[in-house]
Amino acid sequence: LTDASNSLIYGNWENISSSEAFTHHVNMDAKDLAAYWHRCSLSADFLAQYFALFVPDPAPTGRLRRKDVSSVLAYLLNELFENCAKFSSGPDRTVNLDARIMSDYILIRITNHMSPENQAPFIEIITELLNNDPHELYFQRLEENVEQGLEGSGLGYLTLMKDFGVEFGFRLRSISYQDTAVDVQAKVSLLQD
Ligand SMILES: Nc1ncnc2c1ncn2[C@@H]1O[C@H](COP(=O)(O)OP(=O)(O)OP(=O)(O)O)[C@@H](O)[C@H]1O
Ligand SMILES: [Mg+2]
């Protein structure tokens, strides 16, 4: 799918037109996250607890408890920050997080940048992720990792889909000949399934 601005969109993408629709904004730096790895989990835990305070406690029937929302968000945000730290490339190392807290879900959007030559392999990963059953793909990936002696690589998004029902959308925007912006959107339901 290609939108008006000629960006590539995959998966469950919520098209939020104005930036005002996101009510929380955090700007970070991939170099800082990579320099001290602990910054990923530290920031993730802080923001998870901060956002979870918007969720009513005690939880009304059919809704997730605040502490469960907090732990899903902590896991998710840590994964997103770590990916920005590991996979940012090219001249722009900024990381921007936007969040929107709705009554039935929390929408997180995180943006980092990469060199355009990394675009094709990432698209391959995204399409495999979105076009397969997450449970099957997870175990297939585990076997491959054991065979190739890799450790846990390529399980981040999958685990969040499989174990926490997080819905992902991805957008790649061409900024310049040396810069592609990566927008990852994650929708976390606040309803019990
Ligand atoms: N923010 C990002 N920018 C650029 N490439 C990314 C980004 N996030 C993920 N990728 C690419 O997608 C792949 C899958 O990401 P995922 O988080 O599922 O696995 P991983 O980070 O490689 O391993 P794990 O999360 O299990 O430690 C990564 O290996 C990387 O190539
Ligand atoms: Mg990861």
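Residues are numbered from 1 along each chain as its sequence is written, and chains are lettered from A and ligands numbered from 1 in the order in which they are written. Because the model is predicted, local features need pLDDT of at least 70 and side-chain atom pairs count only at pLDDT 80 or more, while totals for chains, interfaces and linings use all residues; side-chain values use heavy atoms, with hydrogens and water left out.

Helix α2 (residues 38–52) packs on helix α3 (residues 66–87) at an angle of about 145 degrees, their axes being 7 Å apart. Helices here are DSSP runs (H or I, at least four residues), as strands are (E, at least two), numbered from the N terminus. Axes are lines fitted to C-alpha atoms, for helices over the stretch in contact, and angles run from 0 to 180 degrees between N-to-C directions.

The axes of α3 and helix α6 (residues 156–164) come within 10 Å and cross at roughly 165 degrees. These two helices are therefore roughly antiparallel (angles under 35 degrees count as roughly parallel, over 145 as roughly antiparallel, 65 to 115 as roughly perpendicular and the rest as oblique). On the α3 side, the contact (heavy atoms within 4.5 Å) involves Val72, Tyr75, Leu76, Glu79, Leu80 and Asn83. Gly156, Tyr157, Thr159, Leu160 and Phe164 of α6 meet them.

Helix α3 also gives the most to the lining of the largest pocket, with 7 residues. A pocket is an open set of points on a 1 Å grid over the protein atoms alone, where a 1.4 Å probe fits, with protein on both sides within 12 Å along at least five of seven lines; lining residues have an atom within 4 Å of a point. Among the 32 lining residues, Phe87, Ile125, Ser153, Gly154 and Tyr157 lie nearest the centre of the largest pocket.
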